[in-house]
Amino acid sequence: MQLSDAQFEQYQTDGYLLVEDALAQDTVEQTTDRLREYTHGNREPETFESQIEPRVERGELDVEEEGDAVRKFEGLGMVESDDVFGDIANHDTITAVAEQLLGEHLKLLRSAAMFKPPSVGSEKGLHQDAAYYPIQPRDHLTVWVALDEATPENGCMTVIPGAHRDGLLDHEADEYETDIVINDTGYDESDLVELPMEAGDALFTHCLVPHYTAPNTTDDWRRALIMSYMDSRSRFTKPDEELEPWVDSVHIQGEEFPGCV
Ligand SMILES: O=C(O)CCC(=O)C(=O)O
């Protein structure tokens, strides 16, 4: 997969790039089947965290099975211990695009699945991924792979194009213990651009692009796999003992460098 000049330009200018059909449909199906084995079958998510939708957790909303209320899986253990997720983190198209945007030495910083279950899936507030990670330089990227058709009604990715050039904004805690949101955006509703996607499409976003997803108001799942990549020459800006528990890395390709991530 070779990016065109226009695609490079778009990533630099808007801070995102949508690559259609990055995953074949059988890979998408294999991935959703595997997710379902964890949420509704016998596979235990032992090497990563699972989070339930807060309204269900608080007893404000009932679901038939706990798996119908799962909000996300999070943790690098997903790709380290599960071959289906591991293969996607090392997928040719995804790593080829990441390499062209970040260079040949790549490490994975984050791996997650966001579920947005039918009618239950809540919003994810406006935030920049960079706000979660003490990394320099601030240029890591996140790949958001749609595993179902993503629409404005079920919570497709929504971004503020070009706002990565405004730098890191202040964030505050959201209702989820693990989540933060931009506290005073200074942006307008009209700055938000919804990005509908087909299952298998991959969205590459710069870590400073503010983004948001709406609640799922439909009867269908809106699932996505998330992987964040960084240049292996990046540095964590805090000493190891002060790093948040979710800040870590997995080698993907190229060289590793002493003192770096
Ligand atoms: O998939 C979603 O709904 C939002 C995911 C997201 O932006 C994130 O986890 O950083």
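**Entry 1: the whole chain**

I began by noting that this is a predicted model, and I kept that in mind for everything below. I counted the secondary structure and found 6 helices and 16 strands in the chain. Next I looked up the overall extent, and along its principal axes the C-alpha trace spans about 50 × 40 × 40 Å. I then checked the radius of gyration, which is 17 Å, and this agrees with a compact globule, because one of 261 residues would have a value near 18 Å. Of the 261 residues, 41% count as buried. I also looked at contacts with a separation of 6 or more, and 86% of these are between residues 24 or more positions apart in the chain.

**Entry 2: helix H2**

I turned to H2, which runs over residues 25–40 and has 16 residues. From its first C-alpha to its last I find 22 Å, close to the 22 Å expected at 1.5 Å a residue. Which residues of H2 are buried? I listed Val28, Thr31, Leu35, Tyr38 and Thr39. Seen down the axis of H2, these buried residues fall within an arc of 95°, so they line one face of the helix. On the other side of H2, I noted Gln25, Asp26 and Asp33 as exposed. I then asked what covers the buried residues, and the cover includes strand E3 (70–74), helix H5 (83–89), strand E4 (106–114) and strand E14 (224–231).

**Entry 3: around the ligand**

I looked up the residues that surround the ligand, and they are Ala112, Met114, Lys116, Lys124, Asp129, Gly155, His211, Thr213, Ala224 and Ile226. Sorting this shell by class, I have 4 nonpolar, 3 polar and 3 charged residues. Which strands each supply at least two residues of the shell? I found E4, strand E13 (211–213) and E14. I noticed that E4 and E14 had already come up in my previous entry, where they are among the elements covering the buried residues of H2.

**Entry 4: Ala130**

Last, I picked out Ala130, which is found in the loop between strand E5 (124–127) and strand E6 (135–136). Is Ala130 buried or exposed? I count it as buried, because it has 22 C-beta neighbours inside 10 Å and the cut-off for a buried residue is 20 or more. Leaving out residues up to four places away in sequence, Ala130 touches Arg138, Leu168, Cys207 and Leu208. I also checked Leu141, which is 11 residues from Ala130 in sequence and 9.0 Å from it in space, C-alpha to C-alpha.

Key. Residues are numbered from 1 along each chain as its sequence is written. This is a predicted model: local features need pLDDT of at least 70, side-chain atom pairs count only at pLDDT 80 or more; totals for chains, interfaces and linings use all residues. Helices (H or I, at least four residues) and strands (E, at least two) are DSSP runs, numbered from the N terminus. The radius of gyration is taken over C-alpha atoms; the globule rule is 2.2 Å times the number of residues to the power 0.38. A residue is buried if 20 or more other C-beta atoms lie within 10 Å of its own, exposed if 12 or fewer, and partly exposed in between; C-beta atoms are placed from the backbone. Two residues are in contact if their C-beta atoms, placed from the backbone, lie within 7 Å. The expected span of a helix is 1.5 Å times one less than its number of residues. The arc is that of the directions from the helix axis to the C-beta atoms. A residue is near a molecule or strand if its C-beta atom, placed from the backbone, lies within 6 Å of it. Ala, Val, Leu, Ile, Met, Phe, Trp, Tyr, Cys and Pro count as nonpolar, Asp, Glu, Lys and Arg as charged, and the others, Gly among them, as polar.
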